[in-house]
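I opened my notebook to look up a few things in this model. Here is what I jotted down, entry by entry.

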Amino acid sequence: PTRVLFDTDPGIDDAMALLFLHRHPGLDLQGITTVHGNARTDTTTRNARYLAERFGLEVPVARGAAEPLAMPKSAPPTFVHGDDGLGNAGLSFEPTLPLDPRPAYQLIIDTVRRHPGEVTLIAVGPLTNLALALKEAPAIAGLVKEVVVMGGAFGVDGQGGNITPVAEANIHGDPHAADLVFTADWPVTVVGLDVTHRVLMRNADFARLRELGGEDGDFMWRISRHYVDFYSEREAIDGCYVHDSSAAAYVLDPSLFTIRRGPVRAVRDGLARGQTIQRPDDRDYPPTAWDDYPSQRVCVDVDGPRLMTLFMDTF
Ligand code: BDR
Ligand code: CA
């Protein structure tokens with residue numbers, strides 16, 4: 001199995017992704033790091049401890065950044081993930097699982113150093129912790145197997161952002177960190193809205209999980225009611241998009257996705273803050289400042305039904 005470290009802001013789809021990557025035998029979870037995003041870091045950290053305990057995960061959970069690198073934090077999207085970050089499902093949160101004493105960036109550094117060349121970082125929240133790890137120990141870039149980011153929107157087939165017409169939430173939440181992560185010399189794959197909007201979890205899937213998925217299935221059904229209501233109202237879809245689990249699915253089976261190669265940047269300030277842009281390697285642009293950045297991978301298409309089969313079969 002592939003060793004993975006999960007950097008997350010739980011978050012309803014984060015919780016589902018955590019359960020998915022834990023249940024799938026192809027992934028070996030090494031640790032969980034929390035970040036601001038869907039809720040404040042106190043809340044996402046409490047949620048991560050609660051989930052780890054509930055799912056029986058014997059891995060360190062470390063608290064991460066409470067705010068972006070270079071701008072004030074914004075109000076959490078309680079209308080998407082609920083006041084408690086897990087869908088206001090009436091969960092009684094009293095995790096006893098101890099918190100790892102290290103800050104998230106240090107757990108990332110230590111995990112990568114312990115297994116050189118073997119650890120894949122799956123990041124499904126704002127990228128602050130990964131950027132801090134790079135700043136603290138730049139050499140880890142050469143030791144990481146791969147970085148898989150759920151974030152961004154590249155405008156493939158006219159798909160826009162979900163925070164502004166050009167910006168997706170995780171990148172908008174800390175664009176300075178995202179730009180550092182995308183331009184560092186490590187292999188990054190970006191799984192953005194261009195593809196996650198093509199992976200639909202329908203109400204019928206939730207009903208099936210609830211019926212056949214035991215305690216896990218029932219739990220996913222319960223925490224997702226708020227999220228599904230939000231998506232049904234705002235996007236008029238039957239169910240919800242599968243964001244964070246799509247990043248885990250990429251690690252399990254990259255053949256589900258179509259990849260475009262080229263350097264990636266995030267717009268840090270101004271009107272287009274949080275926009276993600278790739279300069280495709282196969283396009284002949286005049287020389288630019290981009291030429292020095294490593295070529296990364298952006299997912300531009302996905303076999304949504306096959307990804308959903310992988311997800312559902314895992315439970
Ligand atoms: C991303 O933002 C959060 O709401 C989700 O957890 C996901 O990581 C989608 O834009
Ligand atoms: Ca998330």
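I started with residues 4-307, where the chain is 37% helix and 17% strand and the end C-alpha atoms lie 19 Å apart. Helices (H or I, at least four residues) and strands (E, at least two) are DSSP runs, numbered from the N terminus. An unreviewed UniProt entry annotates residues 4-307 as "domain: Inosine/uridine-preferring nucleoside hydrolase"; such annotations may be inferred rather than shown by experiment.

A reminder to myself: this is a predicted model, with local features needing pLDDT of at least 70 and side-chain atom pairs counting only at pLDDT 80 or more, while totals for chains, interfaces and linings use all residues. Residues are numbered from 1 along each chain as its sequence is written, and chains are lettered from A and ligands numbered from 1 in the order in which they are written.

Next I looked up ligand 1. I found 14 residues around ligand 1, the closest being Gly-11, Asp-13, Val-124, Ala-169 and His-243 (C-beta, placed from the backbone, within 6 Å). Helix H1 (12-23) and helix H6 (169-172) are the elements that each give two or more residues to this shell.

Then I turned to helix H2 (residues 41-55). Its 15 residues reach 20 Å from first C-alpha to last, close to the 21 Å expected at 1.5 Å a residue (1.5 Å times one less than the number of residues). I noted that 11 of the 15 residues of H2 are buried, so H2 is largely enclosed by the rest of the structure (buried: 20 or more other C-beta atoms within 10 Å of a residue's own, C-beta atoms being placed from the backbone).

How values were computed
A residue is buried if 20 or more other C-beta atoms lie within 10 Å of its own, exposed if 12 or fewer, and partly exposed in between; C-beta atoms are placed from the backbone.
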